[in-house]
Amino acid sequence: MNAIRLQIPAHADYIDLVRICLFGIASKMNYAYEDMEDMKVAVSEACNNAVIHGSYDADGNVIDISFEPVNSGLTIKVKNNGTSTLVEEAIEKAAPLPEVEVSGLKVGGLGIYLMQALMDEVEVNTSDSGTEVVLTKYLNVAAGH
Amino acid sequence: MKAEQFQVVQEETLDQFILHVSGELDLSVVPQLRTALEPVMNRTDKALILNLKQLKYIDSTGIGIIVSVLKLRDELKAPFFVREIPAAVKRLFDLTGISRYLTEGTEAQA
């Protein structure tokens, strides 16, 4: 296993550090700039969900992020101890904004759609200990340098 | 990669409130953006403009705020423009479908 692990407090103030860490790892793997931007948004969305839906009662609530280079590219796992039902349901409903009048637009719900649109694989694993979002972005070797 | 601090600078002209948004707009700065929007988003006497030229990052939380401003300004029948959208931000606007609701309104800039 050559995973790189990062643990942050489950608070919005620390999500930029996840992006900085991801940027370093993806740069080293020679990802194209646009792919790195895609991953930054997708991983932030997973962390946003972990912050918003994480369990509030637990003291020392944290998010564990694991960056794992794999054959196809980079897999990023975002795990927290929050409840999962919200995420599972949201994954099935994820969609961009509908073509309706402005007044009919709903605020929110775009995060999971963005994860799906920006990554090659999105998986949600749930267990008693929490929710894990697994994101994979393929590394196109030919496009590298 | 340099994490640039999020900042909102307000500019007021005769007929416009222009909010220049810079840095990274993520979940952590949502309260800051809301505070900046609060005094101007209900003003129907002037157009509201978000200038995103210096915006380095946005995700669904920022896009959600823009959707809520769109809805409010639509309800008030007051003008709202989003200007100078960087390419990376525009890509996310296109993906989420918010682009079709946004007006650049550059002709009103002069």
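The legends below describe several close-up views of a predicted model. Residues are numbered from 1 along each chain as its sequence is written, while chains are lettered from A and ligands numbered from 1 in the order in which they are written. Because the model is predicted, local features need pLDDT of at least 70 and side-chain atom pairs count only at pLDDT 80 or more, whereas totals for chains, interfaces and linings use all residues.

**View 1. The elements of chain A.** Chain A holds four helices and five strands, where helices (H or I, at least four residues) and strands (E, at least two) are DSSP runs numbered from the N terminus. Their pattern along the sequence is β-α-α-β-β-α-α-β-β. Of the 145 residues in chain A, 36% count as buried; a residue is buried if 20 or more other C-beta atoms lie within 10 Å of its own, exposed if 12 or fewer, and partly exposed in between, with C-beta atoms placed from the backbone.

**View 2. The sheet of chain A.** Five strands form an open sheet in the order β1-β2-β3-β5-β4 (chain A), with antiparallel pairing; two strands pair if DSSP finds at least two bridges between them. β1 (4-9) and β4 (121-127) of chain A each have a single partner strand, so one side of each is left without a neighbour in the sheet. Neighbouring strands are turned by 15 degrees against each other on average, direction ignored. β1(A) and β2 (residues 62-70) of chain A are joined by six bridges in the antiparallel sense, and A:Q7 has A:D64 in β2(A) as its bridge partner.

**View 3. Helices α1 and α2 of chain A across the sheet.** α1(A) lies across β1, β2 and β3 (73-80) of chain A and runs at about 170 degrees to β1(A). α2(A) lies across β2, β3 and β5 (130-138) of chain A, at about 175 degrees to β5(A). Axes are lines fitted to C-alpha atoms, for helices over the stretch in contact, and angles run from 0 to 180 degrees between N-to-C directions. The two helices pack at an angle of about 145 degrees with their axes 10 Å apart, in a right-handed crossing. A crossing is left-handed if the near helix is turned anticlockwise from the far one by less than a right angle, and right-handed if clockwise. Residues that meet here include A:L22 and A:F23 in α1(A) and A:M39 and A:V43 in α2(A). The residues of this contact divide into nine nonpolar, two polar and two charged; Ala, Val, Leu, Ile, Met, Phe, Trp, Tyr, Cys and Pro count as nonpolar, Asp, Glu, Lys and Arg as charged, and the others, Gly among them, as polar.

**View 4. Helices α2 and α4 of chain A.** The axes of α2(A) and α4(A) come within 9 Å and cross at roughly 145 degrees, and the crossing is left-handed. Among the residues that meet are A:V41 and A:A42 in α2(A) and A:L114 and A:M115 in α4(A). By class, this contact has six nonpolar, three polar and two charged residues.

**View 5. The side of chain A that touches chain B.** Here 23 residues of chain A are in contact with 24 residues of chain B; two residues are in contact if their C-beta atoms, placed from the backbone, lie within 7 Å. The elements giving two or more residues to this side of chain A are α1 (15-28), α2 (33-53) and α4 (111-118) of chain A. α2(A) gives the most, with six residues. By class, this side of chain A has 14 nonpolar, five polar and four charged residues.

**View 6. Helix α3 of chain B and its surroundings.** In α3 (residues 87-96) of chain B the buried residues are B:V89, B:L92, B:F93 and B:T96. Seen down the axis of α3(B), they fall within an arc of 105 degrees (taken from the directions from the helix axis to the C-beta atoms), so they line one face of the helix. Their cover includes α2 and α4 of chain A together with β4 (55-58) and α2 (60-76) of chain B. B:I58, in strand β4 of chain B, counts as buried because 23 C-beta neighbours lie inside 10 Å. Leaving aside neighbours within four places in sequence, B:I58 is in contact with B:L25, B:I63, B:V89 and B:L92.
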